[in-house]
Amino acid sequence: MDKIGKLIEETLNIDEVKSKCTIDYDESYNERSQKSNCLAQIINYCILFRNNSDIVDYINTENKKDFLIKKIASLLGISNENIKVKFSEILKFAYYNFFIEGFIFHATNSLYGNQLITNGFFVRNNEEEKNDIEHVNQILQKSGKLSPFKFIFFDLSHDYTGLFCNSDPLLITNYCSGPEWFRLFCGEAPVYHQLVDYKKEYGFRNKNYDDALECIKNLIDYHNLSDKDAKEVLAFFNKYWNKFKDAKPMVILIPTKMVFNEDAMSNAISNSLNGFNIDHIFDIISSGKSLLYNNFCVKNAINNTSLDYFLLDQVVLSKNEENVKKGSQSL
(Lines give C-alpha, C1' and ligand atoms only; values in the text may rest on other atoms or scores of the structure.)
Protein backbone atom coordinates (compact mmCIF):
# COMPACT_ATOMS: atom_id res chain seq x y z
CA MET A 1 0.00 0.00 0.00
CA ASP A 2 1.33 3.43 -0.89
CA LYS A 3 1.25 6.55 1.22
CA ILE A 4 -2.26 8.02 0.83
CA GLY A 5 -4.14 4.73 1.25
CA LYS A 6 -2.16 3.83 4.33
CA LEU A 7 -2.68 7.34 5.71
CA ILE A 8 -6.47 7.09 5.34
CA GLU A 9 -6.58 3.66 7.02
CA GLU A 10 -4.40 4.87 9.90
CA THR A 11 -6.57 7.94 10.31
CA LEU A 12 -9.77 5.90 10.44
CA ASN A 13 -8.22 3.78 13.20
CA ILE A 14 -7.86 6.79 15.50
CA ASP A 15 -10.38 6.12 18.28
CA GLU A 16 -12.16 9.47 18.15
CA VAL A 17 -12.31 9.34 14.37
CA LYS A 18 -13.61 5.78 14.35
CA SER A 19 -16.36 6.62 16.84
CA LYS A 20 -17.70 9.29 14.48
CA CYS A 21 -17.50 7.19 11.31
CA THR A 22 -18.48 3.63 12.18
CA ILE A 23 -21.57 2.71 10.16
CA ASP A 24 -24.35 0.83 11.94
CA TYR A 25 -27.05 -0.32 9.53
CA ASP A 26 -29.57 -0.48 12.38
CA GLU A 27 -29.28 3.28 12.70
CA SER A 28 -31.57 5.69 10.88
CA TYR A 29 -30.80 6.87 7.38
CA ASN A 30 -29.93 10.35 8.72
CA GLU A 31 -27.50 8.92 11.27
CA ARG A 32 -25.75 6.82 8.62
CA SER A 33 -25.61 9.83 6.29
CA GLN A 34 -23.96 11.95 8.96
CA LYS A 35 -21.29 9.29 9.49
CA SER A 36 -20.73 8.89 5.73
CA ASN A 37 -20.34 12.66 5.51
CA CYS A 38 -17.76 12.67 8.31
CA LEU A 39 -15.87 9.84 6.57
CA ALA A 40 -15.81 11.84 3.32
CA GLN A 41 -14.57 14.95 5.11
CA ILE A 42 -11.71 12.93 6.60
CA ILE A 43 -10.75 11.45 3.23
CA ASN A 44 -10.71 14.93 1.67
CA TYR A 45 -8.57 16.23 4.52
CA CYS A 46 -6.00 13.46 4.08
CA ILE A 47 -5.83 14.11 0.33
CA LEU A 48 -5.49 17.87 0.78
CA PHE A 49 -2.69 17.75 3.37
CA ARG A 50 -1.19 14.26 2.84
CA ASN A 51 -1.15 13.88 6.64
CA ASN A 52 -3.67 13.61 9.48
CA SER A 53 -2.18 16.23 11.78
CA ASP A 54 -4.96 18.04 13.71
CA ILE A 55 -7.64 15.75 12.25
CA VAL A 56 -9.47 15.34 15.57
CA ASP A 57 -9.63 19.11 16.01
CA TYR A 58 -10.87 19.39 12.43
CA ILE A 59 -13.78 16.96 12.76
CA ASN A 60 -14.84 18.63 16.02
CA THR A 61 -14.73 22.21 14.78
CA GLU A 62 -17.86 23.99 13.59
CA ASN A 63 -16.16 26.17 10.97
CA LYS A 64 -14.25 23.62 8.92
CA LYS A 65 -13.77 25.97 5.98
CA ASP A 66 -11.98 28.53 8.15
CA PHE A 67 -9.93 25.73 9.73
CA LEU A 68 -8.65 24.59 6.31
CA ILE A 69 -7.75 28.09 5.19
CA LYS A 70 -5.83 28.88 8.37
CA LYS A 71 -4.02 25.53 8.34
CA ILE A 72 -2.83 26.04 4.75
CA ALA A 73 -1.79 29.58 5.62
CA SER A 74 0.25 28.26 8.54
CA LEU A 75 1.94 25.66 6.31
CA LEU A 76 2.86 28.42 3.84
CA GLY A 77 4.15 30.73 6.57
CA ILE A 78 1.29 33.20 6.10
CA SER A 79 0.03 34.94 9.22
CA ASN A 80 -3.70 35.21 9.90
CA GLU A 81 -3.43 38.96 9.30
CA ASN A 82 -2.08 38.40 5.78
CA ILE A 83 -4.55 35.70 4.66
CA LYS A 84 -6.63 38.08 2.53
CA VAL A 85 -3.55 39.61 0.92
CA LYS A 86 -2.00 36.26 0.06
CA PHE A 87 -5.19 34.29 -0.50
CA SER A 88 -4.21 33.37 -4.05
CA GLU A 89 -1.28 31.34 -2.66
CA ILE A 90 -3.66 29.47 -0.34
CA LEU A 91 -6.02 28.75 -3.24
CA LYS A 92 -3.15 27.50 -5.40
CA PHE A 93 -2.14 25.06 -2.65
CA ALA A 94 -5.70 23.76 -2.33
CA TYR A 95 -6.35 23.33 -6.05
CA TYR A 96 -3.03 21.65 -6.71
CA ASN A 97 -3.10 19.19 -3.79
CA PHE A 98 -6.80 18.40 -3.72
CA PHE A 99 -7.65 18.47 -7.41
CA ILE A 100 -4.64 18.31 -9.73
CA GLU A 101 -2.94 15.75 -7.47
CA GLY A 102 -6.23 14.34 -6.21
CA PHE A 103 -8.13 11.11 -6.77
CA ILE A 104 -11.36 9.57 -7.92
CA PHE A 105 -12.74 6.50 -6.18
CA HIS A 106 -13.76 3.00 -7.18
CA ALA A 107 -15.61 1.41 -4.26
CA THR A 108 -15.55 -2.37 -4.39
CA ASN A 109 -14.83 -5.45 -2.29
CA SER A 110 -11.39 -6.83 -1.51
CA LEU A 111 -11.93 -9.94 -3.67
CA TYR A 112 -12.37 -7.85 -6.81
CA GLY A 113 -10.17 -5.01 -5.58
CA ASN A 114 -7.11 -7.13 -4.95
CA GLN A 115 -7.27 -8.34 -8.56
CA LEU A 116 -7.33 -4.74 -9.79
CA ILE A 117 -4.48 -3.68 -7.52
CA THR A 118 -2.38 -6.67 -8.58
CA ASN A 119 -3.06 -6.59 -12.30
CA GLY A 120 -3.98 -2.95 -12.93
CA PHE A 121 -7.31 -1.25 -13.46
CA PHE A 122 -9.05 -3.14 -16.23
CA VAL A 123 -12.55 -4.26 -17.14
CA ARG A 124 -13.41 -7.62 -15.60
CA ASN A 125 -15.29 -9.97 -17.91
CA ASN A 126 -16.72 -12.61 -15.62
CA GLU A 127 -18.94 -14.75 -17.84
CA GLU A 128 -19.73 -17.22 -15.04
CA GLU A 129 -21.27 -14.52 -12.84
CA LYS A 130 -23.10 -12.95 -15.76
CA ASN A 131 -24.55 -16.30 -16.87
CA ASP A 132 -25.61 -17.19 -13.33
CA ILE A 133 -27.34 -13.82 -12.85
CA GLU A 134 -29.14 -14.15 -16.18
CA HIS A 135 -30.28 -17.70 -15.34
CA VAL A 136 -31.72 -16.73 -11.93
CA ASN A 137 -33.30 -13.63 -13.41
CA GLN A 138 -35.06 -15.83 -16.00
CA ILE A 139 -36.40 -18.05 -13.23
CA LEU A 140 -37.79 -15.05 -11.34
CA GLN A 141 -39.27 -13.47 -14.45
CA LYS A 142 -41.61 -16.46 -14.92
CA SER A 143 -43.97 -15.01 -12.32
CA GLY A 144 -44.10 -11.59 -13.97
CA LYS A 145 -43.34 -9.98 -10.62
CA LEU A 146 -40.55 -7.60 -9.65
CA SER A 147 -37.03 -9.07 -9.71
CA PRO A 148 -34.14 -7.85 -7.52
CA PHE A 149 -32.06 -7.90 -10.72
CA LYS A 150 -34.26 -5.41 -12.59
CA PHE A 151 -31.67 -2.63 -12.79
CA ILE A 152 -28.59 -4.87 -12.78
CA PHE A 153 -29.94 -7.00 -15.59
CA PHE A 154 -30.69 -3.86 -17.61
CA ASP A 155 -27.01 -2.88 -17.30
CA LEU A 156 -25.86 -6.37 -18.28
CA SER A 157 -28.16 -6.60 -21.29
CA HIS A 158 -26.92 -3.20 -22.53
CA ASP A 159 -23.29 -4.07 -21.75
CA TYR A 160 -22.98 -1.26 -19.19
CA THR A 161 -20.26 -3.24 -17.48
CA GLY A 162 -17.29 -0.90 -17.39
CA LEU A 163 -15.46 0.06 -14.21
CA PHE A 164 -17.43 2.90 -12.69
CA CYS A 165 -15.84 5.44 -10.40
CA ASN A 166 -16.94 8.57 -8.63
CA SER A 167 -15.09 11.70 -7.64
CA ASP A 168 -17.31 12.18 -4.60
CA PRO A 169 -16.25 10.26 -1.46
CA LEU A 170 -19.72 10.80 -0.01
CA LEU A 171 -20.89 7.87 -2.13
CA ILE A 172 -18.26 5.25 -1.36
CA THR A 173 -20.15 3.65 1.54
CA ASN A 174 -22.99 2.87 -0.88
CA TYR A 175 -20.78 0.65 -3.02
CA CYS A 176 -17.86 -0.59 -0.91
CA SER A 177 -19.84 -3.57 0.40
CA GLY A 178 -20.43 -4.97 -3.07
CA PRO A 179 -20.68 -6.40 -5.53
CA GLU A 180 -23.78 -4.30 -6.03
CA TRP A 181 -25.73 -7.04 -7.80
CA PHE A 182 -25.30 -9.46 -4.89
CA ARG A 183 -26.03 -6.81 -2.26
CA LEU A 184 -29.30 -6.03 -4.05
CA PHE A 185 -30.15 -9.73 -4.40
CA CYS A 186 -29.56 -10.33 -0.68
CA GLY A 187 -32.12 -7.77 0.44
CA GLU A 188 -31.49 -4.21 -0.73
CA ALA A 189 -33.46 -4.27 -3.99
CA PRO A 190 -36.84 -2.45 -3.95
CA VAL A 191 -38.80 -5.71 -4.12
CA TYR A 192 -37.78 -6.54 -0.53
CA HIS A 193 -39.37 -3.38 0.89
CA GLN A 194 -42.72 -5.18 0.79
CA LEU A 195 -41.40 -8.57 1.90
CA VAL A 196 -39.22 -8.16 5.02
CA ASP A 197 -38.51 -5.81 7.88
CA TYR A 198 -36.13 -3.12 6.61
CA LYS A 199 -33.44 -4.10 9.13
CA LYS A 200 -33.22 -7.51 7.45
CA GLU A 201 -32.40 -5.90 4.11
CA TYR A 202 -28.81 -5.21 5.15
CA GLY A 203 -27.93 -8.87 5.72
CA PHE A 204 -25.06 -8.88 3.27
CA ARG A 205 -23.52 -5.61 4.47
CA ASN A 206 -23.75 -6.87 8.05
CA LYS A 207 -22.55 -10.31 6.90
CA ASN A 208 -25.60 -11.77 8.63
CA TYR A 209 -26.40 -14.96 6.73
CA ASP A 210 -29.68 -15.57 8.54
CA ASP A 211 -31.09 -12.17 7.60
CA ALA A 212 -30.01 -12.55 3.99
CA LEU A 213 -31.43 -16.08 3.82
CA GLU A 214 -34.76 -14.83 5.19
CA CYS A 215 -34.87 -12.30 2.36
CA ILE A 216 -34.21 -15.01 -0.22
CA LYS A 217 -36.88 -17.31 1.22
CA ASN A 218 -39.40 -14.48 1.15
CA LEU A 219 -38.41 -13.75 -2.44
CA ILE A 220 -38.99 -17.42 -3.36
CA ASP A 221 -42.44 -17.36 -1.72
CA TYR A 222 -43.28 -14.04 -3.36
CA HIS A 223 -42.56 -15.50 -6.81
CA ASN A 224 -44.29 -18.77 -5.90
CA LEU A 225 -41.43 -20.78 -7.35
CA SER A 226 -41.55 -24.52 -7.94
CA ASP A 227 -39.36 -26.70 -5.71
CA LYS A 228 -36.88 -27.12 -8.55
CA ASP A 229 -36.61 -23.38 -9.24
CA ALA A 230 -36.47 -22.58 -5.53
CA LYS A 231 -33.51 -24.93 -5.07
CA GLU A 232 -31.68 -23.28 -7.97
CA VAL A 233 -32.22 -19.81 -6.52
CA LEU A 234 -31.07 -20.97 -3.11
CA ALA A 235 -28.01 -22.68 -4.60
CA PHE A 236 -27.14 -19.44 -6.41
CA PHE A 237 -27.44 -17.51 -3.15
CA ASN A 238 -25.23 -19.95 -1.25
CA LYS A 239 -22.64 -20.09 -4.02
CA TYR A 240 -22.06 -16.37 -4.02
CA TRP A 241 -22.51 -15.91 -0.28
CA ASN A 242 -19.60 -18.31 0.20
CA LYS A 243 -17.63 -16.47 -2.47
CA PHE A 244 -18.05 -13.00 -0.97
CA LYS A 245 -18.61 -13.64 2.75
CA ASP A 246 -14.97 -12.91 3.69
CA ALA A 247 -14.51 -9.97 1.31
CA LYS A 248 -13.87 -6.62 2.97
CA PRO A 249 -15.15 -3.20 1.89
CA MET A 250 -12.41 -1.59 -0.19
CA VAL A 251 -11.83 1.66 -2.05
CA ILE A 252 -9.35 2.03 -4.91
CA LEU A 253 -7.86 5.48 -5.45
CA ILE A 254 -7.17 6.47 -9.05
CA PRO A 255 -5.14 9.65 -9.66
CA THR A 256 -7.41 12.26 -11.23
CA LYS A 257 -4.78 13.07 -13.82
CA MET A 258 -4.87 9.46 -15.05
CA VAL A 259 -8.48 10.05 -16.11
CA PHE A 260 -8.46 13.73 -17.08
CA ASN A 261 -5.87 15.77 -18.91
CA GLU A 262 -4.81 19.14 -17.55
CA ASP A 263 -7.06 21.09 -19.94
CA ALA A 264 -10.10 19.14 -18.73
CA MET A 265 -9.13 19.76 -15.11
CA SER A 266 -8.61 23.47 -15.78
CA ASN A 267 -12.08 23.64 -17.33
CA ALA A 268 -13.54 21.86 -14.31
CA ILE A 269 -11.90 24.43 -12.05
CA SER A 270 -13.33 27.27 -14.12
CA ASN A 271 -16.78 25.68 -14.09
CA SER A 272 -16.65 25.09 -10.35
CA LEU A 273 -15.99 28.79 -9.78
CA ASN A 274 -18.72 29.98 -12.13
CA GLY A 275 -21.31 31.71 -9.99
CA PHE A 276 -19.48 30.95 -6.72
CA ASN A 277 -17.05 32.80 -4.53
CA ILE A 278 -13.40 32.26 -5.36
CA ASP A 279 -12.93 30.16 -2.21
CA HIS A 280 -15.68 27.70 -3.21
CA ILE A 281 -13.13 24.90 -3.14
CA PHE A 282 -13.02 25.09 0.67
CA ASP A 283 -16.79 24.66 0.85
CA ILE A 284 -16.40 21.57 -1.32
CA ILE A 285 -13.56 20.00 0.67
CA SER A 286 -15.13 20.68 4.07
CA SER A 287 -18.49 19.26 2.95
CA GLY A 288 -16.92 15.95 1.90
CA LYS A 289 -17.69 16.49 -1.77
CA SER A 290 -15.61 16.90 -4.91
CA LEU A 291 -14.97 19.60 -7.47
CA LEU A 292 -15.98 17.18 -10.21
CA TYR A 293 -19.02 15.50 -8.66
CA ASN A 294 -19.45 13.04 -11.49
CA ASN A 295 -19.59 9.35 -12.19
CA PHE A 296 -16.95 8.08 -14.58
CA CYS A 297 -16.64 4.90 -16.57
CA VAL A 298 -12.92 4.22 -16.87
CA LYS A 299 -12.45 2.40 -20.16
CA ASN A 300 -8.67 2.54 -20.52
CA ALA A 301 -6.42 0.25 -18.50
CA ILE A 302 -4.46 1.96 -15.71
CA ASN A 303 -1.14 0.52 -14.60
CA ASN A 304 -1.24 -0.88 -11.08
CA THR A 305 1.74 1.28 -10.07
CA SER A 306 -0.57 4.32 -10.35
CA LEU A 307 -3.23 2.88 -8.04
CA ASP A 308 -3.66 3.08 -4.30
CA TYR A 309 -6.33 1.71 -1.98
CA PHE A 310 -7.69 1.57 1.54
CA LEU A 311 -9.96 -0.83 3.39
CA LEU A 312 -13.05 0.29 5.29
CA ASP A 313 -13.69 -2.75 7.47
CA GLN A 314 -12.69 -0.73 10.54
CA VAL A 315 -15.71 1.56 10.08
CA VAL A 316 -18.10 -0.64 8.04
CA LEU A 317 -18.36 -3.51 10.48
CA SER A 318 -19.85 -6.98 10.33
CA LYS A 319 -22.27 -7.11 13.24
CA ASN A 320 -22.65 -10.87 13.39
CA GLU A 321 -19.36 -12.67 12.79
CA GLU A 322 -20.95 -16.04 13.64
CA ASN A 323 -23.26 -15.75 10.67
CA VAL A 324 -20.47 -14.86 8.26
CA LYS A 325 -19.36 -18.47 8.23
CA LYS A 326 -22.78 -19.93 7.52
CA GLY A 327 -23.67 -21.21 4.09
CA SER A 328 -25.15 -24.02 1.98
CA GLN A 329 -28.47 -24.11 3.80
CA SER A 330 -31.49 -25.86 2.36
CA LEU A 331 -35.14 -24.77 2.32
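Tutor: The axes of helix 5 (residues 64–75) and helix 6 (residues 87–100) come within 10 Å of each other and cross at roughly 100°. Helices here are DSSP runs of H or I with at least four residues, numbered from the N terminus. An axis is a line fitted to C-alpha atoms, for helices over the stretch in contact, and angles run from 0 to 180 degrees between N-to-C directions. Helix 5 is therefore roughly perpendicular to helix 6, a label for angles of 65 to 115 degrees.

This is a predicted model, in which local features need pLDDT of at least 70 and side-chain atom pairs count only at pLDDT 80 or more, while totals for chains, interfaces and linings use all residues. Residues are numbered from 1 along each chain as its sequence is written, and side-chain values use heavy atoms, with hydrogens and water left out.

On the helix 5 side, Ile69, Ile72, Ala73 and Leu75 meet Phe87, Ile90, Phe93 and Ala94 of helix 6; contact means heavy atoms within 4.5 Å. Sorted by class, the contact of helix 5 with helix 6 has eight nonpolar, no polar and no charged residues. Nonpolar covers Ala, Val, Leu, Ile, Met, Phe, Trp, Tyr, Cys and Pro; charged covers Asp, Glu, Lys and Arg; the others, Gly among them, are polar.

Next comes helix 3. Its 21 residues reach 30 Å from first C-alpha to last, close to the 30 Å expected at 1.5 Å a residue, where the expected span is 1.5 Å times one less than the number of residues. Helix 3 is mostly covered, with 15 of its 21 residues buried. Buried means under 20% relative accessible area, exposed over 50%, and partly exposed in between (1.4 Å probe, protein chains only). Serine 36 belongs to helix 3 (residues 29–49) and counts as buried because its relative accessible area is 11%. Apart from neighbours within four places in sequence, serine 36 is in contact with Ile23, Leu170 and Thr173. Arginine 50 follows helix 3 and has a positive phi, near 60°.

Asparagine 218 lies in helix 12 (residues 209–222). Its relative accessibility is 24%, so asparagine 218 counts as partly exposed. Asparagine 218 touches Leu195 and Val196, not counting residues up to four places away in sequence. Between asparagine 218 and leucine 195 there are 6.3 Å in space, C-alpha to C-alpha, although they are 23 residues apart in sequence.

Methods: Helix = DSSP H or I, 4+ residues; strand = E, 2+ residues; numbered from the N terminus. Parallel < 35°, antiparallel > 145°, perpendicular 65-115°, else oblique.
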